[in-house]
Structure formats: structure tokens, C-alpha cells
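Please look through the sequence and the model below before reading on.

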Amino acid sequence: MTTPAGTGRKVFINREPGATTLTLWGNMPLGDAGANEALAIEDPAEFAADLFRHLLEVRGIAVYGNQKTRHTELSSLSTLTVTASAAARGGDESARAFQNQPLVLANYQSKPLIEDIRVINKVSQNLHAEILLRLLGREKGTAGTVEGGLEVLRGFMNQAGITGDQYAFYDGSGLSRQNLVSPHAVVQLLRYADSQPWNTSFRDTLPLSGTDGSLSNRFKNVDAQGRVHAKTGSLGGVKTLSGYATTNHGQTIAFSILSNNFNLPDKRINEVIDNVVAEILNDDKPKK
């Protein structure tokens with residue numbers, strides 16, 4: 001029901017268990033800006049398969065049979081596997097001879113890997129980071145799983161001179177509370193990256209102070225802008241910043257600032273971190 005402007009908004013939502021149909025009722029005042037509400041899907045895999053089928057059909061692609069989804073057991077969840085399948089032309093014998101032949105409905109050529117790493121680092125794209133870990137396992141390890149990716153990652157860390165007692169990784173995004181790493185390990189990794197032929201390409205994927213990504217609104221001071229390439233990291237009670245800073249003397253310094261278990265506002269923690277970085281920038285003494 002539409003109510004006069006300025007009155008309160010009351011909107012109620014109901015959905016029966018297992019259904020995707022929503023019933024809404026209530027009051028909405030004239031000129032109301034509206035509201036967004038997130039609702040969980042009971043079976044995301046089935047919902048995605050049904051939606052994909054619908055998108056194909058509205059574009060004129062005939063789909064026969066019913067979609068099916070297969071779920072990975074949570075106890076052994078290391079990588080997500082969802083399979084959607086349908087018998088051709090409803091399963092008649094004349095079409096079965098073609099079932100083993102590939103039929104390309106669409107294809108997509110992805111951008112070079114460095115471009116996806118740029119997305120991951122600039123805006124902290126966690127989903128892409130998780131997929132990248134699995135891609136490492138598939139391309140360089142034994143399997144396209146979390147475990148396969150972590151095995152490759154451990155080999156790389158050892159190559160960079162970082163021992164296993166300085167870190168503990170459980171995923172690709174860093175969202176797990178079980179992930180641990182020392183500032184010394186991060187700095188060692190940054191120094192190793194700086195010594196590689198791909199150092200410039202890697203550094204350019206990091207947010208640039210006062211310019212883009214997660215640092216677009218930080219280090220707005222003219223003296224600091226554009227002199228820090230660094231990756232942010234944040235969880236509840238966790239704020240970090242690691243990367244490279246160019247001092248007044250023109251030297252590049254690798255740094256890592258990790259803070260946790262604080263009870264101050266996030267904004268205050270960011271200010272403290274930025275002040276530490278500012279001290280690095282203002283250091284006029286050359287380092288050996």
C-alpha cells in the first residue's frame with residue numbers, strides 16, 4: 001500500500017521453505033528511495049542450473065530433459081564441483097550417438113593472468129584469489145584443489161627463502177582465521193619479488209597511494225601520493241598494509257605492518273598505519 005510521503009516504511013517478506021517465490025506486503029511512502037534486502041538461496045547449485053537453463057532458453061537455445069546438480073560433501077570440501085546435465089532431446093535413442101561429441105554453446109577468452117592479478121590486488125577480489133590458488137594446483141601441482149595450490153605455494157615460499165615456521169596458509173583469499181604470517185616473511189617475499197625479472201609487472205598490480213584500488217582514498221598528501229605501492233588486508237579486528245615505499249632519498253623500502261586484536265575504530269588504525277608509512281617516506285638517511 002502506498003502511503004503519504006514522509007510516513008514510515010514497513011515491508012514484510014515471506015518465502016515458503018524450498019520455494020523461490022516471494023510474497024511482499026506492507027506500506028511504502030511516496031518518493032521513498034527503496035531498500036535492498038539479501039536473501040539466502042536454499043540450494044544455490046540447483047538455482048544456478050535453473051537460471052542458466054532459463055537464460056539459454058530465452059536466447060533461443062533448446063534444452064531437453066531436466067537439469068541435475070551434484071554436491072560435494074562438506075567433510076571433504078576442497079574445491080567446488082557442480083555438474084549440470086540433461087539428456088539430449090529428452091533421451092531418445094536417435095540423439096544418444098551424439099552425446100559423447102562436444103557441442104560448444106559459447107566460449108570466452110580470458111585476459112592474461114597478470115591482468116587478473118591486478119584485479120585481485122587492486123580491489124581485493126577474494127573470489128578470484130581463491131580460484132587462482134586452485135589454478136596454481138592444476139597448472140603447476142597435482143590437482144586443481146586448495147591442497148594442490150597450497151603445495152605449489154609452499155614450494156614457491158621455500159624458493160623465496162621463507163621457512164614454513166613463518167606462515168600458515170589455509171586458503172587463497174586470506175579470509176580464514178587460521179591463516180598466519182610474520183611481518184618478516186612478508187618483507188622477505190617482497191624483497192624476493194623485487195629481485196625477479198617480473199618485479200615491475202608485480203609492483204604495478206598493487207594499489208598506488210592516493211590514486212587507485214584500496215589506497216585511492218589514503219595518502220592524499222601531495223608528498224605521499226604515488227610513492228607507495230602496497231596491498232591492504234582487513235578482517236574484523238585485523239588491519240594490515242604491506243608493500244613498497246619510496247623515501248625522500250629515492251630508495252625503495254619493503255615494509256609490512258600487521259595489526260590485530262585492537263579495540264579502536266578501523267579509521268584510527270588506518271591513520272596509525274599511514275603515519276608509520278609517512279615516517280618511512282620522510283627518512284632521508286640512505287639504507288645499506
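Is N121 buried or exposed? At 12% relative accessibility, N121 counts as buried, where buried means under 20% relative accessible area, exposed means over 50%, and partly exposed lies in between (1.4 Å probe, protein chains only). This is a predicted model, in which local features need pLDDT of at least 70 and side-chain atom pairs count only at pLDDT 80 or more, while totals for chains, interfaces and linings use all residues. Residues are numbered from 1 along each chain as its sequence is written, and side-chain values use heavy atoms, with hydrogens and water left out.

N121 has its place in helix α3 (residues 113–123); helices (H or I, at least four residues) and strands (E, at least two) are DSSP runs, numbered from the N terminus. Leaving aside its neighbours within four places in sequence, N121 is in contact with F202, T205, L206, P207 and K231, contact meaning heavy atoms within 4.5 Å.

**The chain as a whole**

The protein chain holds 8 helices and 8 strands, and buried residues make up 27% of its 288 residues. Of the contacts in the protein chain with a separation of 6 or more, 42% come from residues 24 or more positions apart. The accessible surface of the protein chain comes to about 19500 Å², with 54% of it belonging to carbon and sulfur atoms; such areas come from the Shrake-Rupley method with a 1.4 Å probe, and for residues only the protein chains shown count as cover.

In α8 the buried residues are I269, N270, I273, D274, V277, I280 and L281. They cover an arc of only 135° around the axis, and therefore they lie on the same side of α8; the arc is that of the directions from the helix axis to the C-beta atoms. The buried residues of α8 pack against β6 (228–235), β7 (238–246) and β8 (252–260).

In α5 the buried residues are V146, G148, G149, L150, V152 and M157, and they pack against α4 (126–140), β4 (167–168) and α6 (183–194). Just after α5, G161 takes a positive phi of about 85°.

**A loop residue**

E42 has its place in the loop between β3 (23–29) and α1 (44–58), and with a relative accessible area of 63% E42 is exposed. Leaving aside its neighbours within four places in sequence, E42 is in contact with P17 and G18. Although E42 and G18 are 24 residues apart along the chain, their C-alpha atoms are separated by 6.4 Å.

**Rings**

Rings of Phe, Tyr and Trp (its six-membered ring) pair if their centres lie within 6.5 Å, and planes under 30 degrees apart count as stacked, over 60 as edge-to-face and the rest as tilted. By this rule the count comes to 4 aromatic pairs. One of them joins W198 and F202, which are edge-to-face at 6.3 Å centre to centre with 90° between the planes. W198 is partly exposed at 37% relative accessibility, and F202 is also partly exposed, at 24%.
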